[in-house]
Amino acid sequence: MMRIEWTGEQELDPSIRKKMQEAADQCPVSEGIEVPVAISVRLCDDNAISEINSEFRGISRSTDVLSFPTVDYPAGMTAGQCGKLLQQEYDDELNACFLGDIVIAVPHIFAQA
């Protein structure tokens with residue numbers, strides 16, 4: 001199971017969060033990760049993600065999703081193939097290896113849907 005730390009100023013219907021959790025739970029399985037893992041998901045609006053996009057990517061516009069992995073895996077390698085790198089991200093408070101942050105612009109993803 002993937003532990004998700006939810007933050008942000010936007011809300012999602014509980015049924016959508018449940019589906020997101022179910023999808024996230026399949027990621028470690030498909031990647032061959034055998035240790036507990038966690039991510040942080042921030043739900044925000046278009047203005048907030050535009051600011052983040054500008055700050056970190058130099059692109060001054062909204063987008064749907066930004067991701068900030070904690071590990072720079074070698075080209076073509078996944079977390080499941082890089083156990084030692086993944087273990088370096090173990091967080092005692094989470095009792096899991098922290099994979100990184102995901103920022104989602106809720107209005108943007110609904111417009112795309």
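Guide: Gladly, and please keep in mind throughout that this is a predicted model.

Visitor: What is the volume of the largest pocket, and which residues are closest to its centre?
Guide: The largest pocket has a volume of about 420 Å³. Its lining is made up of 24 residues, and the elements that give two or more residues to that lining are strand E1 (2–8), helix H1 (14–31), strand E2 (37–44), strand E3 (65–69) and strand E5 (96–105). The residues closest to the centre of this pocket are Met2, Cys27, Ile39, Leu99 and Ile102.

Visitor: How many residues of the lining of the largest pocket are nonpolar?
Guide: The lining also includes four polar residues and two charged ones. The nonpolar residues of the lining number 18.

Visitor: Which element gives the most to the largest nonpolar core?
Guide: The largest nonpolar core holds 18 residues, of which Met2, Val37, Tyr73, Leu86 and Leu99 touch the most other members. E1, E2 and E5 each supply at least two residues of this core. With four residues, the element that gives the most is E2.

Visitor: Which residues are in contact with Met2, leaving aside its neighbours within four places in sequence?
Guide: Met2 is one of the residues that touch the most other members of the largest nonpolar core, and Met2 is also among the residues closest to the centre of the largest pocket. With neighbours within four places in sequence left aside, the contacts of Met2 are Gln21, Ala24, Asp25, Cys27, Pro28, Val37, Ala38, Ile39 and Leu99.

Visitor: Is Gln21 buried or exposed?
Guide: Gln21 is found in helix H1, and, not counting residues up to four places away in sequence, Gln21 touches Met1, Met2 and Ile4. The relative accessibility of Gln21 is 19%, and the cut-off for a buried residue is under 20%. Gln21 therefore counts as buried.

Visitor: What distance separates the closest N and O atoms in the salt bridge that Arg3 forms with Glu5?
Guide: Arg3, at 36% relative accessibility, counts as partly exposed, and Glu5, at 29% relative accessibility, likewise counts as partly exposed. In the salt bridge between Arg3 and Glu5, the closest N and O atoms are separated by 2.7 Å.

Visitor: How many residues apart in sequence are the parts that Arg42 and Glu9 tie together?
Guide: The side chains of Arg42 and Glu9 meet in a salt bridge, with an N to O distance of 3.5 Å. Arg42 lies in strand E2, whereas Glu9 lies in the loop between E1 and H1, so the parts that this pair ties together are apart in sequence by 33 residues.

Visitor: What is the value of phi of Asn95?
Guide: Most residues other than glycine have a negative phi. Asn95 is found in the loop between strand E4 (90–91) and E5, and Asn95 is partly exposed, with a relative accessible area of 49%. Phi of Asn95 is a positive value in a residue other than glycine, near 55 degrees.

Notes. Residues numbered from 1 in each chain as written. Predicted model: local features only at pLDDT ≥ 70, side-chain atom pairs only at ≥ 80, totals over all residues. Heavy atoms only, no water. 1 Å grid on protein atoms, 1.4 Å probe; cavity = no way out; pocket = protein on both sides within 12 Å on 5 of 7 lines; lining within 4 Å. Points joined across faces, edges and corners; volume = space filled by probe spheres on them. Nonpolar A, V, L, I, M, F, W, Y, C, P; charged D, E, K, R; others polar. Core = buried A, V, L, I, M, F, W, Y, C linked by side-chain atoms within 4.5 Å. Buried < 20%, exposed > 50% of the residue type's maximum accessible area, 1.4 Å probe, protein only. Contact = heavy atoms within 4.5 Å. Salt bridge = Lys/Arg side-chain N within 4 Å of Asp/Glu carboxyl O.
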